Amino acid sequence: MNPMEQMQVFSRVVETGSFTQAAASLGLAKASVSAAVQKLEARLGTRLLHRTTRRLQLSQDGQLFYERAKDVLAELDELHGLFRQADTQSLRGRLRLDMSTGVARQIVMPRLPELLERHPELEIEFSSTERRVDLVREGFDCVLRIGPLGSAEAGLQARPLGLQPVVNCLSPAYLARHGEPRDLEDLRQHRMVHYVSVLGARSGGFEYLDAGGQLQRLIMAGALTVNNAEAYQAACLAGLGLIQAPRVGVQALLAQRLLQEVLPDFRPPDMPLTLLYAHRRQLPARVRYVMDWLAGVVIDHFQADARPADEGFAAQPQSGP
């Protein structure tokens, strides 16, 4: 393994925090990854990682080397792509993406064939989860995040892509049994499917904006709590209660009348959709291209969604899926 490959291996070990995970992501044996880092340390004449039975920790020299290595590797990738820019089929290499199931299913997956047909040498590792992945530690190139950003995203670059309305939904079966709530007082007689990121956490209840634009919460009864967007939606379809979901995840069900919007005057705040990526002085061309493509796909979808129903196409929360 040459020095540049050793640098790539070391960077992935740092980003994943594990020799085992780095080996899996690179398609190498764990012993090969460990040997590469040891050879790199020997060549540099310094220890880059402190190893214990429980964790890996960067040394001071390791931190300095890693920060510089990220830029060098990005610049090398950019240099390799200079002579392929005129070729529309030139993009190659692997990317790792993450987004919610609703965004993946309704927006990105239907358009993904056109990207891969245009650039057949791209390889995409596609994660779709409601869990907030650690972009750097888990080796993601970019993440489409729906919902407010938290403190964990403070060190990342954020590209806002717009706001997604959140709607209150009930199934026809539920409405037939319990009737339609017309105001907040009515909700005391209804049930809600509760959504939490981690089971055992307390649900925030029914969220809405008051006349002054302030967020309010109303505690509601409910027999079911879920931590997955697909289960959240399925529970509503089964008539188990009300959900509050970004329109992107339920638009097709609303158009097919499998769900019905209720209480339109008491919606939660719109949820931002943001493209996140790690700070680098030079992003690889394939990453920049795919991020621009993702942004275009999302904006196209929102613009179609904003048209009258006969012009557009049929169309989950972070606090809800």
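Is Met1 buried, exposed or partly exposed? Met1 is partly exposed, with a relative accessible area of 46%; buried means under 20%, exposed over 50%, and partly exposed in between, using a 1.4 Å probe and protein chains only.

The model you see is predicted, so local features need pLDDT of at least 70 and side-chain atom pairs count only at pLDDT 80 or more, while totals for chains, interfaces and linings use all residues. Residues are numbered from 1 along each chain as its sequence is written, and side-chain values use heavy atoms, leaving out hydrogens and water.

Met1 sits in the segment before helix H1 (3-16). Helices (H or I, at least four residues) and strands (E, at least two) are DSSP runs, numbered from the N terminus.

Now for the sheet. Five strands form an open sheet in the order E4-E3-E5-E14-E6, with mixed pairing. Strand E4 (121-128) and strand E6 (157-164) are at the edges with a single partner strand each, so one side of each has no neighbour in the sheet. From one strand to the next, the twist averages 20 degrees; axes are lines fitted to C-alpha atoms, and angles run from 0 to 180 degrees between N-to-C directions.

Here is how some strands pair, where pairing needs at least two DSSP bridges between two strands.

| Strands | Sense | Bridges |
|---|---|---|
| E3 (residues 92-99) and E4 | parallel | eight bridges |
| E3 and E5 (residues 142-146) | parallel | two bridges |
| E6 and E14 (residues 271-277) | antiparallel | six bridges |

Leu97 stands opposite Phe126 in E4, and Asp98 has Val143 in E5 as its bridge partner. Leu163 faces Pro272 in E14.
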